[in-house]
Every structure is written in structure tokens, then in C-alpha cells.
Amino acid sequence: GGSHPSSSNSSSSGSGALPDASTFPQRALGDLLVLAGAALYGCSNTAQEHLINKYTNDEFLAAIGLGGTFLSACQVALLERDALAQFVAGATAAQVGNLAGFVIMMFILYGGVPLLIRRSSATIMNLSFLTSDFWSLLSARFLFNTPLTMYYFVSFAVIVLGLAIYHMAGGSTVDLPGDIG
């Protein structure tokens with residue numbers, strides 16, 4: 001049996017079928033929040049592109065580091081205070097290692113953003129980030145034996161089509177001034 005341990009009927013038997021709407025009573029709100037988050041992320045990257053093209057990499061990284069530190073400190077102080085206290089009180093070495101790995105990866109990612117945006121654009125950066133979904137698809141299928149619905153393949157095809165259209169239309173590139181490092 002391919003049934004999920006918590007399923008009580010045969011309709012959720014690992015066939016890749018989507019659960020019915022009653023399983024997610026606030027699905028519309030969740031969908032709207034995801035769309036709002038994606039739109040705000042796109043606006044953020046467009047603003048980053050503008051700032052990267054206006055200032056040097058050092059100025060941009062200093063500003064984003066200072067601003068990010070301030071916003072993160074405010075978020076932790078207002079929303080995550082109890083969770084942080086619990087983490088500090090009882091974190092295992094593995095949890096601290098996971099957090100350190102995450103911080104290092106974010107440092108590498110955002111340290112490379114100015115170089116990537118200077119050489120292409122925020123649009124191509126975001127479209128390229130979407131190709132990470134392909135690795136998620138491979139992991140789901142071959143590491144976790146998750147049955148995949150056609151939606152995975154349709155969404156990946158749309159991503160690849162978006163990249164192709166962007167490049168065929170000429171894409172936007174920025175002439176590199178002397179400061180690229």
C-alpha cells in the first residue's frame with residue numbers, strides 16, 4: 001500500500017491526487033499571501049537592481065547589510081523573541097550547524113547578487129532562481145519517491161519558456177563600469 005499513514009480513506013493513496021478543498025480551509029488566503037510575497041520579492045529585486053547600478057558593490061552591500069541587520073533585529077524583537085529564547089536555551093549542535101550553514105549560504109548568495117545583476121538583470125536572476133524548482137522535482141521523485149503530478153512538469157516548462165522568451169527578446173544587460181568587484 002502506497003497510503004499515507006494518516007489517511008483514512010483510499011482516495012489519498014499516494015496516487016499524486018490533490019487533496020480536496022476541505023483539507024485546506026484557508027487555501028485562498030494562503031494563495032493570496034504567496035502571490036503578495038512573490039510580488040514584493042520581485043519589487044525588492046528590482047529596487048536592488050536600481051541601487052546596484054547607481055552605487056558601487058561595496059556601498060550596496062554595506063547598505064543592505066546594515067538595513068537587513070536592523071530589520072531582522074526588529075523582527076526578532078517583535079515576533080520571534082520566545083522562539084529565539086527557546087533556541088538559545090536548548091539548541092543542539094546539529095541545529096546550530098544548520099543555522100550556521102544557512103547564514104553562510106545567505107552570505108554567499110547576497111554577496112553574489114550585485115555581480116549577477118550587474119552582468120544581467122533582476123529579471124534574469126529571478127527566472128534563473130526558479131530553475132532550482134527542477135532540483136526540487138528531482139529530489140522529490142528520486143530521493144523521496146514522491147509521486148509527481150503533471151503540475152510539476154507544467155510549471156517547469158513555463159519557467160524554461162520564460163527564460164527562452166527573455167533571451168530571444170534580447171534580455172537586458174548592463175554595460176559594466178570599471179567597478180565590478
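These are my notebook entries on a predicted model of a single chain.

**Entry 1: the overall fold**

I began by counting secondary structure elements. The chain has seven helices and zero strands. Read along the sequence, that gives the pattern α-α-α-α-α-α-α. I then looked up burial: of the 181 residues in the chain, 12% are buried. For contacts with a separation of 6 or more, I found that 72% join residues 24 or more positions apart.

**Entry 2: the nonpolar core**

Next I asked myself which residues make up the largest nonpolar core. There are six: Ile52, Phe60, Val113, Ile117, Ala122 and Met125. Two or more of these core residues come from each of H4 and H5. A friendly reminder to myself: in soluble globular proteins, nonpolar side chains tend to be buried together.

I stayed with phenylalanine 60 for a moment. Setting aside neighbours within four places in sequence, phenylalanine 60 is in contact with Gln48, Leu51, Ile52 and Pro114.

I then moved to the loop between helix H4 (93-119) and helix H5 (122-130), where serine 120 lies. Is serine 120 buried or exposed? Its relative accessibility is 12%, so I put it down as buried, the cut-off being under 20%. I also checked what its side chain meets. A polar atom of the serine 120 side chain lies 2.9 Å from the backbone oxygen of leucine 116.

**Entry 3: helix H7**

Helix H7 runs over residues 150-168, 19 residues in total. From first C-alpha to last I get 27 Å, close to the 27 Å expected at 1.5 Å a residue.

Which residues of H7 are buried? I found Ile159, Leu163 and Tyr166. They sit on the same side of H7, because they cover an arc of only 70° around the axis. What covers these buried residues includes H5 and helix H6 (132-143). Turning to the other side of H7, I noted Met150, Val158 and Met168 as exposed.

Just after H7 comes glycine 170, with a positive phi of about 105°.

I picked phenylalanine 134 in helix H6. At 28% relative accessibility, phenylalanine 134 counts as partly exposed. I also looked up its spacing to alanine 157, which is 23 residues away along the chain. The two C-alpha atoms are separated by 10.0 Å.

In the loop between H6 and H7 I stopped at asparagine 145.

**Entry 4: cysteines**

Last, I looked for disulfides and found zero in the structure. Cysteine 43 has a relative accessible area of 52%, so it counts as exposed. Cysteine 74, at 31%, is partly exposed.

Note on methods
Residues are numbered from 1 along each chain as its sequence is written. This is a predicted model: local features need pLDDT of at least 70, side-chain atom pairs count only at pLDDT 80 or more; totals for chains, interfaces and linings use all residues. Side-chain values use heavy atoms; hydrogens and water are left out. Helices (H or I, at least four residues) and strands (E, at least two) are DSSP runs, numbered from the N terminus. Buried means under 20% relative accessible area, exposed over 50%, partly exposed in between (1.4 Å probe, protein chains only). A polar contact is a pair of N or O atoms within 3.5 Å; within protein, one must be able to donate a hydrogen and the other to accept it, and residues adjacent in sequence count only if both atoms are side-chain atoms. A disulfide is a pair of cysteine sulfur atoms within 2.5 Å. The expected span of a helix is 1.5 Å times one less than its number of residues. The arc is that of the directions from the helix axis to the C-beta atoms. Contact means heavy atoms within 4.5 Å. A nonpolar core is a set of buried Ala, Val, Leu, Ile, Met, Phe, Trp, Tyr and Cys residues joined through side-chain atoms within 4.5 Å.
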